[in-house]
Amino acid sequence: MGTFEFLLQGILIAAQPMNLLYALIGVTLGTAVGVLPGIGPALTVALLLPVTYKLDPAGSLIMFAGIYYGGMYGGSTTSILLNTPGESASVVTALEGNKMARAGRGGPALATAAIGSFVAGLIATLGLAFIAPFVVKFALSFGPREYFALMVLAFVTVSAAFGDSTLRGLTALFVGLGLAIIGIDQQTGQARLSFGIPDLLDGIEVTTLAVAMFAIGETLFVACQGDRIPDKVEAVKGSVWMSAQDWARSWKPWLRGTFIGFPIGAMPAGGADIASFLSYSTEKQFSRHKEEFGKGAIEGVAGPEAANNASAAGTLVPLLSLGLPTTATAAIMLAGFQQYGLQPGPLLFATNPQLVWGLIASLLIANFMLLVLNLPLIGLWVKLLTIPKPWLYAGILLFATLGTIGANPSVFELGMLLVFGLLGFAMRIFGYPIAPVVVGLILGPMAEQQLRRALAISQGDVTTLFMSPIAAVLFALAFLAVAVPLVLRARGKGEVLSQFAANED
Amino acid sequence: MKHFFLASLIAGAMALPALAADYTIIAPAGPGGGWDQTARSIQTVLQDEKISGSVQVVNVPGAGGTIGLAQFASQNSGNPNALIVGGYVMVGAILTNQSPVSLKDVTPIARLTGEYEAIVVPAASPIQNMEDLIKALKADPGAVSWAGGSAGGTDHITAGLIAKAAGVDPTKINYVAYAGGGEALAAILGNQVTAGISGYGEFEAQVKAGTLRLIAISSAERVEGIDAPTIKEGGLDVVVQNWRMIAAAPGLSAEQVTAINADIEKMVNSEGWKTILKTKGWQNTYLAGDAFKAQLDEDVAATESILKDIGLVK
Amino acid sequence: MSEVPSSHVPSSHGKRRPDRAALAIAPVLFILAGIIWWDAGRLAEMSNYSRIGPATVPHVVAIGLALLAIWTGFEAWRGDFPEREPIEVQPVVMIVAGLAGQMLLLKAAGFSIATGVLFALTAFGFGRRKLWISLPIGIVFSFVVYIIFGRFLQLSLPAGPLEHLFF
């Protein structure tokens, strides 16, 4: 049987009414748990996996696919509405999404996230079905030096999230890089910045930092403004739905996000967070509404959310075709597959086509169900903002700490949550951006380790970094990303300044 | 959603009736990892086989299990209902992290499962067998890059032991540490490094597909179902088993230890445990009592000496 | 929102006064840089083929932070930081007390009571002062969460007297 027939057969099975119901339940559970701040996709899948055990193989596989996509998607809702991303991949979604929500445009922001996730999930799942072998080849051609080049590119583009001050953006980034040093150095096994405290040996958990700086920092910041802000937010100004202009501004970011997210998700050291950072800065470069960035540009929600979901499907490429779990979520999924008798690996597509195509068909159905479930829910989610502040923020802190306690029920971890929450609060007061701290914590160790690996393999020869074509291209892109704006600024300075003058009058 | 709540209530209520000894098992790792899966498998079997009425799993992750170990040893002295899962990784972590609490501070019950280290090269590599690899290593240790898990872990220790046995200075090995098995595997498949070293399970699918060449395995004798010579056959006396164990609290009476031993033995011999080993692909290397204690002492001594040789422990 | 930064317009003309609170950030960054530098100094440079040891990146980060400290001091002196709105301290204290309370009570009192305290104190910080109403609500709500996540989904949440009463 050919690829198409297998897929068609899979879809026919997955589209049976009972299986559709399972998909819907899976998506609902995945979204419901994934939406809670502090509970990211990995924990969502780990928590809900046992729920699927009791069903027949087809049904459980479909419900499982639903949980996965639901969990990946769920994080964006609280990012947009409450500025409290529960995981690293939705940090950038909060940048623009929350600004939109505060301007009463939470509906369109959620809609572009949901439809973007659907479009990206659809294209990426089809990519998984048809071009997985090529994508895997490309991903494997990335060695330490290529990854290092990719990290350099990501670092350069991170400035897109700096906000209005280079000084404060850089400071936030360096605070993140400083935090990233904490823990055991992977290459030599030595403890750095741990001061003999065993709890620090594993470093700072990204989820803990993100939840603390965003959820707790935001809560404290809102609280300290006292009565100046109204008890309730005006949830909707204008339509809950996307306007024609919103559509026009969204579809290109969806596609770009997909094409960034899918391959990066497929890379063994890539991941949804890096894909979302790169997508955000790409959209800022391409947008015709640059001035809206930082104030609620819809492109800044559409792109990263699409990238985030496309990379969720991308992660499945090395998982299914090589048996490589590249993220914590994928590692848990691998355990899940094994109990369906699905042994991921290079032979999977050949030895077990029914199951693979069944899974891919389930993913397609789950992706569709995600849209069916979430579009009508937007109206309801937006109402979340009308919950009186005391109960809303009390609930946010409850769930934010729940996620941390569930992953590691230690007093020390909660203490870190409090300390970083206060740090996030202080940084907000002084106008520092928060996202670069998280970005520094994620990218710092990756860049360092990849550089040291690359140089160890070449026994200290630095030229090796530029000798691979892929690395050279990535370095060139990074150079252009720095140089082009500088040149443009130098040439257009007079123009911009006159515009400023004009605006002020 | 209402049914969801209801179902959860019922599920909670069904876990109620208490029969024999209740256990609380500490999994000194986060949810999803190997030790957590071991703890939860033990929980399932103890409950399903009615060996214990109610079993709770508590995750205390961090620092190679040493945080969980320290907390377990200090809070449960004399408590016959507390158990902890652990493994060989802990032996190394206790040494490299200079943990004040060691395996001497708990009561080891039994080794349950184990996995051997596999040494692989990319299929296209000119290295055909262990002898070729040793030759290359002796010629220029820097030119042989090894991909494996974090520095000081089981993979690094095995690489160090191989170098030492081959007469090469263990501090001179070019060991490239990767975060997880997956990332290291990608580096080997992508021809980025000379050789890879990790638990056999990480490589199994690739070896069977012919994209990696398995040149040696770290067991004492050949393992059924794995088509590879041992490192011993390659001329080096290196045997490493990455085992997982269960231990009880310190300060127990002989009767209490015997009772726990009996429960664990019953579990290991049950059908449920055998099924789980099969689905998870775990090797049964059950070893209890004094034999396990002697093996443990031997492992601790050997690990300490090689970590000193590599320079990770002073 | 009122977050439009005033330093955005490049026309401060040095009229603004030194921002004392912001000026305090500079020494903090400097101390941070010092700690990182000092810690990196005690790492053993092990024989390593990459020539980049475990101390290299900490050194780079420390230098970066030190430079940023100087820059921060300069901008703060010129008063280039965005203007801040007055802060109400009491709500912040209440919420921090709630988080600290949860942290300290968690092991002894269990998840529901500890988190109920956090819930009630957070609501207090936002103006719901009636603890005799919000505390029971918080504890009941946390207990429902405990049942779903701790019992049904097997998350290891610490149990206390309340949880032991039922399970």
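Trainee: Which residues line the largest cavity?

Mentor: In this predicted model, the lining of the largest cavity draws on chain A and on chain B. From chain B come B:Tyr178, B:Glu183, B:Ala186, B:Ala187 and B:Gln192.

Trainee: Which elements give two or more residues to the lining of the largest cavity, and which gives the largest share?

Mentor: Two helices meet that condition: helix H7 (144–157) of chain A and H7 of chain B. Of the lining, 3 residues come from the helix of chain B, and this is the largest share. The element asked for is therefore H7(B).

Trainee: How many cavities of 30 Å³ or more does the structure hold, and how much space lies in the largest?

Mentor: Rolling a probe the size of a water molecule over the atoms shows where empty space is left. The space in the largest cavity is about 70 Å³.

Trainee: How does the lining of the largest cavity divide by class?

Mentor: The lining has 7 nonpolar residues. Beside these stand 3 polar residues, and the charged class has 1.

Trainee: How many residues of chain B are in contact with chain A, and what area do chain B and chain A bury between them?

Mentor: On the side of chain B, 35 residues are in contact with 36 residues of chain A. Carbon and sulfur atoms carry 62% of the area buried between these chains. That buried area is about 2800 Å².

Trainee: How many salt bridges and how many residue pairs in polar contact are counted between chain B and chain A?

Mentor: For salt bridges, the count between chain B and chain A is 0. For polar contact, with both residues at pLDDT 80 or more, the count of residue pairs is 5.

Trainee: Which element gives the most to the side of chain B that touches chain A?

Mentor: Strand S6 (174–177), helix H7 (181–189) and helix H8 (200–209) of chain B each give two or more residues to that side. With 5 residues, the element that gives the most is H7(B).

Trainee: What area is buried between chain A and chain C, and which residues of chain A lose the most?

Mentor: Here 73 residues of chain A are in contact with 72 residues of chain C. The buried area is about 6400 Å², with 76% of it given by carbon and sulfur atoms. Together, three residues account for 11% of what the side of chain A buries: A:Leu167, A:Trp391 and A:Phe430.

Trainee: Which helix of chain A gives the most to the side that touches chain C?

Mentor: Across this interface the rule finds 0 salt bridges, while 6 residue pairs are in polar contact, both residues being at pLDDT 80 or more. The greatest contribution from chain A is 13 residues, given by the helix at residues 389–407, H16.

Trainee: Where in chain A do A:Arg452 and A:Asp185 lie, and what is the distance of their salt bridge?

Mentor: Side chains of opposite charge can pair when their charged atoms come close. A:Arg452 lies in helix H18 (residues 435–457), and A:Asp185 in the loop between strand S1 (183–184) and strand S2 (191–192), 267 residues apart. The N to O distance of their salt bridge is 2.9 Å.

Note on methods
Residues numbered from 1 in each chain as written. Chains lettered and ligands numbered in written order. Heavy atoms only, no water. Contact = heavy atoms within 4.5 Å. Buried area = accessible area lost by both parts, 1.4 Å probe. Salt bridge = Lys/Arg side-chain N within 4 Å of Asp/Glu carboxyl O. Polar contact = N/O pair within 3.5 Å; in protein donor to acceptor, adjacent residues only side chain to side chain. Helix = DSSP H or I, 4+ residues; strand = E, 2+ residues; numbered from the N terminus. 1 Å grid on protein atoms, 1.4 Å probe; cavity = no way out; pocket = protein on both sides within 12 Å on 5 of 7 lines; lining within 4 Å. Points joined across faces, edges and corners; volume = space filled by probe spheres on them. Nonpolar A, V, L, I, M, F, W, Y, C, P; charged D, E, K, R; others polar.
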